[in-house]
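Here is a short report on a two-chain model. Keep the sequence and the 3D view open while you read.

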Amino acid sequence: MSDITREQVEHLAGLSRIALTDEEIESLTTELSAIVDAIAKVSEAVGDDVPATSHPVPLANVTRPDVEGATLSHAEAFAGAPSHDGERFRVSAILGEEQ
Amino acid sequence: MKDRLMDFDEALERYEPVLGFEVHVELGTRTKMFSAAPNPAHPDHHDAAPNTLIDPLSLGLPGSLPVVNDEAIRYSISLGLALGCEIAESSRFARKNYYYPDTPKNYQISQYDEPIAFEGSVEVQLADGRRIDIPIERAHMEEDAGKLTHVGGATGRIQGAEYSLVDYNRAGVPLVEIVTKPIVGAEHSAPEIAKAYVATIRDIVLSLGISEARMERGNLRCDANVSLRPRGQERFGTRTETKNVNSLRSVERAVRYEIQRQAAILAGGGTITQETRHWHEDTGTTSPGRPKSDADDYRYFPEPDLLPVEPTRELVEQLRAALPEQPAVRRRRLQSDWGFTDLELQDVVNAGLLDTIEATVAAGASPAAARKWWTGELARVANERGVDAASLVTPGHVAELQRLVDEGTLTDRLARQALEGVVAGEGSPSEVAAARGLQVVSDEGALVAAVDEALAAQPDVLAKIQDGKVQAAGAVIGAVMKAMRGQADAARVREIVLERAAQS
């Protein structure tokens with residue numbers, strides 16, 4: 001078993017903006033350990049001669065030319081927005097700093 | 001709260017500053033980094049209304065997928081090469097995860113462990129002519145975030161805001177982030193080096209034509225890292241990262257301020273908090289922002305929606321061959337061609353007149369004359385009017401003016417009057433000289449008569465000259481020049497004065 005701790009689950013939940021109950025934290029700690037273990041099995045299956053990749057597709061350099069395409073109208077852009085002022089999206093006051 | 005500051009020289013006596021910079025460059029491609037939405041950093045779209053340069057990807061809408069802009073790749077490689085970097089054979093994108101409304105996907109696509117360019121070096125030159133190599137750690141590609149406006153509250157700043165408005169035009173603008181290695185040994189020059197480094201990056205970017213590099217528009221943004229360590233200590237001190245430093249002058253001031261602020265804290269037995277600080281242009285101070293904390297756990301991982309970028313060596317060599325002359329190399333070449341001192345060249349560079357003087361020399365003026373007119377009379381007028389000297393007259397005008405002086409048609413003084421007419425839009429130097437009747441009096445008879453008259457009016461001076469006190473002739477020359485309304489060749493007048501004095 002991997003050693004996922006309760007503190008790690010709480011930390012991740014905080015980063016992900018997910019509110020968890022005590023019971024959920026408890027069960028997720030166990031379940032995440034099992035998930036991590038399952039994924040770790042991959043490394044048992046490959047030897048040192050197989051290079052690590054970040055992608056299953058043997059492709060590189062998929063690009064597009066620098067040509068302008070369609071844009072969204074304000075009506076389209078704001079269709080799914082909870083709030084806007086006609087030109088910009090309106091969000092709750094931000095506490096914290098820009099990244 | 002007002003920070004306590006230590007005197008700059010005292011701070012440097014006790015502590016050694018270590019600098020580091022992260023400079024973000026917005027690339028001026030037509031479209032965004034990962035989508036075909038128009039790029040607000042392209043000159044065609046500067047004035048776009050909010051949220052008009054957006055597509056599903058800019059908003060992070062479900063199902064939208066990124067595709068890399070090939071021009072942005074080429075620009076990034078060119079910039080990497082100009083920074084003396086290696087270009088990666090394989091480079092990949094990574095997700096930097098954080099929740100903030102300027103980034104609607106809840107992650108920024110950036111690069112982490114495999115940047116496009118790494119291990120470079122940039123030479124900067126200081127006002128006294130010293131050249132310093134700034135080590136570059138990496139230059140990586142990423143996307144810009146949207147722009148937030150905080151509404152409500154007393155100051156319009158983040159604290160006290162009631163809500164925020166978001167414009168996603170900037171979301172997805174191609175960026176290259178250039179990261180230096182720690183810069184040690186800057187000592188008293190630390191603020192100047194900071195400014196010179198950012199100016200050099202700006203010059204390089206401009207020479208490549210990949211960005212307008214306007215700091216006031218945010219095309220070029222600098223975060224300055226500063227730490228101090230007591231003399232003799234090997235380990236670096238705790239650093240702060242000052243953001244929002246949006247002019248060359250601010251970069252210099254912010255670094256100086258942080259050195260003085262941190263020195264006062266350390267000397268008082270305190271410790272430096274590792275944090276982001278904000279630069280305030282109006283007060284010339286920094287204030288604390290966000291402390292580095294758990295929130296910096298960005299959980300980078302390889303971007304699953306994008307494939308690796310593997311620039312062919314042919315492409316890299318092709319871009320290397322197309323690089324313009326490095327600004328520092330060009331300056332050195334021109335300085336040597338022109339025979340300028342370090343200080344003279346620095347004046348020209350600081351005044352932004354390098355191109356103008358090069359054009360004036362090409363139009364036929366000597367480098368010294370070109371420099372004299374542009375950094376003298378024209379710079380003075382430009383300064384008075386608050387405009388660029390280069391907007392007043394053309395390099396061709398200045399070359400023609402100097403030719404008139406060299407031919408003896410105009411004296412320096414007449415040339416200045418002619419220049420005034422050119423600036424006023426009265427035509428070329430020759431046309432102004434003709435229209436205003438500006439011409440050196442070369443009528444020997446008139447000059448001799450004027451000299452005789454002046455000598456007669458000042459018999460005591462005449463006696464002195466005859467006594468061998470040649471320097472006394474100045475008073476007579478002045479009188480003659482005045483009588484000729486300045487339109488005489490002073491050297492010739494002097495000769496005549498001495499001749500006539502000897503004969504009388």
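## Domains of chain B

Chain B is assigned three domains: domain 1 (8–320), domain 2 (325–436) and domain 3 (444–503). These bounds come from an automatic or database domain assignment. The model is predicted: local features need pLDDT of at least 70, side-chain atom pairs count only at pLDDT 80 or more, and totals for chains, interfaces and linings use all residues. Residues are numbered from 1 along each chain as its sequence is written, while chains are lettered from A and ligands numbered from 1 in the order in which they are written.

Take domain 1 and domain 2 of chain B. Their C-alpha centres lie 37 Å apart. Nine residues of domain 1 are in contact with five residues of domain 2. Two residues are in contact if their C-beta atoms, placed from the backbone, lie within 7 Å. On the domain 1 side, β6 (117–125) and α3 (190–208) of chain B each give two or more residues. The largest share, four residues, comes from α3(B). By class, this side has three nonpolar, four polar and two charged residues. Here Ala, Val, Leu, Ile, Met, Phe, Trp, Tyr, Cys and Pro count as nonpolar, Asp, Glu, Lys and Arg as charged, and the others, Gly among them, as polar.

## Confidence

For the complex, the predictor gives an ipTM of 0.87 and a pTM of 0.79.

## The two chains in outline

Chain B has 16 helices and 15 strands. Helices (H or I, at least four residues) and strands (E, at least two) are DSSP runs, numbered from the N terminus. The C-alpha atoms of chain B fill a box of roughly 100 × 55 × 50 Å, taken along the principal axes. Of the 504 residues, 42% count as buried. A residue is buried if 20 or more other C-beta atoms lie within 10 Å of its own, exposed if 12 or fewer, and partly exposed in between, with C-beta atoms placed from the backbone.

Chain A holds three helices and two strands. From the N terminus on, their order is α-α-β-α-β. The C-alpha atoms of chain A fill a box of roughly 55 × 45 × 25 Å along the principal axes. Buried residues make up 8% of its 99 residues.

## Where the chains meet

How many residues of chain B are in contact with chain A? There are 46, and they touch 35 residues of chain A. On the chain B side, β2 (68–69), α2 (70–82), β9 (163–167) and β14 (285–291) each give two or more residues. The largest share, five residues, comes from β9(B). The chain B side divides into 26 nonpolar, eight polar and 12 charged residues.

Four bridges join it to β2 (residues 89–92) of chain A, and the two strands run antiparallel. A:V91 stands opposite B:S164. Two strands pair if DSSP finds at least two bridges between them.

## Strands within chain B

An open sheet of three strands has the order β5-β4-β15 in chain B, with antiparallel pairing. Its edge strands are β5 (107–110) and β15 (301–302), each pairing on one side only. Two bridges join β4 (residues 94–97) to β15(B). B:A94 has B:P302 as its bridge partner.

Now look at β6(B). Two bridges join β3 (residues 86–87) of chain B to β6(B), running antiparallel. B:E86 partners B:F118 there. Eight bridges join β6(B) to β7 (residues 131–143), again antiparallel. B:G120 has B:I136 as its partner. β6(B) and β7(B) form a hairpin with five residues between them, and B:G129 in the turn has a positive phi of about 95°.

## One residue up close

B:E358 lies in helix α8 (residues 354–362) of chain B. Buried or partly exposed? B:E358 is partly exposed, because 18 other C-beta atoms lie within 10 Å. B:P395 is 37 residues away along the chain, yet the two C-alpha atoms are separated by 8.7 Å.
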